[in-house]
Amino acid sequence: MLVNSADSHVVEPLDLWVQRVPDHLKPRAPRIESVDGQPRLLVEGAPPRRMGGSGDTKSEKADKEKHGGSHFRAGGWDPDERIKDLDEDGVWGEVLYPTIALFAWLTPDFELQYASARAYNDWLAETFGQSARFAGAAMIPMGDIEVGVQEVERVAALGLKSVMLPITPPAGKPYNLEMYDPLWAAAQAHGLPVSFHVGTGSNPVTERGAGGAVINYVEVGLGAPRALSYFAASGVLERFPELHVVMVECGAGWLAWLMERMDEAYEEHATWVNPKLAEPPSFYVRRQGHVTFGNDAAGVVNREFTGIEPLLWASDYPHPEGTWPHTQETLTRIFAGVDDAERKPITYDTTARLYGLEAPSR
Ligand code: MN
């Protein structure tokens with residue numbers, strides 16, 4: 001059975017930005033530098049990050065050499081290697097998100113953030129735009145809506161298939177403000193789903209005390225119900241009926257809770273509800289909202305309540321928390337007892353339609 005992943009990642013070459021941003025920005029571009037003798041990824045505005053994993057196996061060592069001290073699979077930056085890995089794992093197509101550029105919205109200086117986004121989008125289109133099996137999600141800079149709209153137009157012309165905004169918007173500028181309408185209109189006009197990957201727009205590490213690793217993973221996931229409630233309840237999805245918003249890498253088990261919670265307020269607190277939507281908020285989520293999940297059996301169990309349309313399966317390749325190279329075992333487990341007519345929209349059809357990831361008929 002055909003499978004598309006609605007959330008996978010490229011791994012950017014470490015000199016991508018130093019090579020591509022204008023000369024006067026090069027010293028501040030996202031880059032690798034040695035800090036206390038250890039390689040660190042430096043993105044202006046983000047805390048320095050350690051690079052890579054253990055790199056113990058032979059192929060890991062080869063990857064590591066090619067990739068300047070970081071271990072990732074070569075499929076992260078080489079489309080031919082990537083297709084071999086997909087074929088081995090039984091996946092046809094993928095929506096591609098960044099790895100390093102996920103942090104680039106933390107850069108406070110707009111000129112640098114914009115230059116970093118353009119450099120990433122150009123590289124993504126050049127490297128992965130040739131194959132019908134990849135749908136690239138472009139990074140749209142935040143801080144100037146007019147420039148953001150221009151970038152939406154530019155990446156649509158480059159052939160990228162989605163636009164990405166940070167799941168945590170800039171302070172004081174939530175997504176229910178009408179200032180964003182030109183962005184929603186541009187994305188809708190080009191048929192580009194707007195994606196929000198967890199952990200973007202704010203530092204994903206907020207707790208360093210007891211339980212921190214687990215607490216931080218929960219905290220970044222909570223950005224998804226928050227953002228989706230802004231789009232459904234504020235009337236953005238009602239006003240832009242062809243706009244699709246996708247919450248990425250957040251799991252799906254919470255979606256039923258969010259729908260009930262929003263509809264309860266819409267009905268029980270009707271006196272205070274503004275704007276008055278024609279339908280309850282869950283209606284707009286079922287029609288235009290989507291969530292990606294990999295291992296999350298609860299989201300599949302809840303499908304009778306949420307509907308099938310919002311659910312998009314994803315591998316998160318090549319990140320360690322993803323399902324590669326065990327995708328088929330994972331699918332067998334989480335879709336046990338689900339018939340193919342219900343499974344296929346979640347694992348292939350809806351992503352194919354939203355992002356143009358249609359396999360040639362055979
Ligand atoms: Mn992801």
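**Close-up 1. Protein donors of the manganese ion in a predicted model.** The donors are Asp 7 (OD), Asp 7 (OD), His 9 (NE2), His 197 (NE2), Glu 249 (OE) and Asp 316 (OD), lying 1.9 to 2.6 Å from the metal. Donors are N, O and S atoms within 2.8 Å of the metal (3.2 Å for Na, K and Ca); water is not among the atoms, so sites may look incomplete. The 6 donor atoms subtend angles of 53 to 165 degrees, which makes the arrangement irregular.

**Close-up 2. Glu 249 and Asp 316.** Glu 249 sits in the loop between strand E9 (245-248) and helix H9 (255-268), and Asp 316 in the loop between strand E11 (311-313) and helix H13 (327-334), so the pair ties together parts 67 residues apart in sequence. Helices (H or I, at least four residues) and strands (E, at least two) are DSSP runs, numbered from the N terminus. Glu 249 is buried at 19% relative accessible area. Asp 316 is also buried, at 5%. Buried means under 20% relative accessible area, exposed over 50%, partly exposed in between (1.4 Å probe, protein chains only).

**Close-up 3. Strand E1 beside E5.** In E1 (residues 4-9), 6 of 6 residues are buried. E1 runs parallel to E5 (residues 93-97), joined by 4 bridges. Ser 5 has Glu 94 as its bridge partner.

**Notes.** Residues are numbered from 1 along each chain as its sequence is written. Local features need pLDDT of at least 70, side-chain atom pairs count only at pLDDT 80 or more, totals for chains, interfaces and linings use all residues, and side-chain values use heavy atoms, without hydrogens or water.

Note on methods
Two strands pair if DSSP finds at least two bridges between them. Four donors count as tetrahedral if all angles lie between 85 and 135 degrees; four count as square planar and six as octahedral if opposite donors are over 155 degrees apart and all others between 65 and 115; anything else is irregular.
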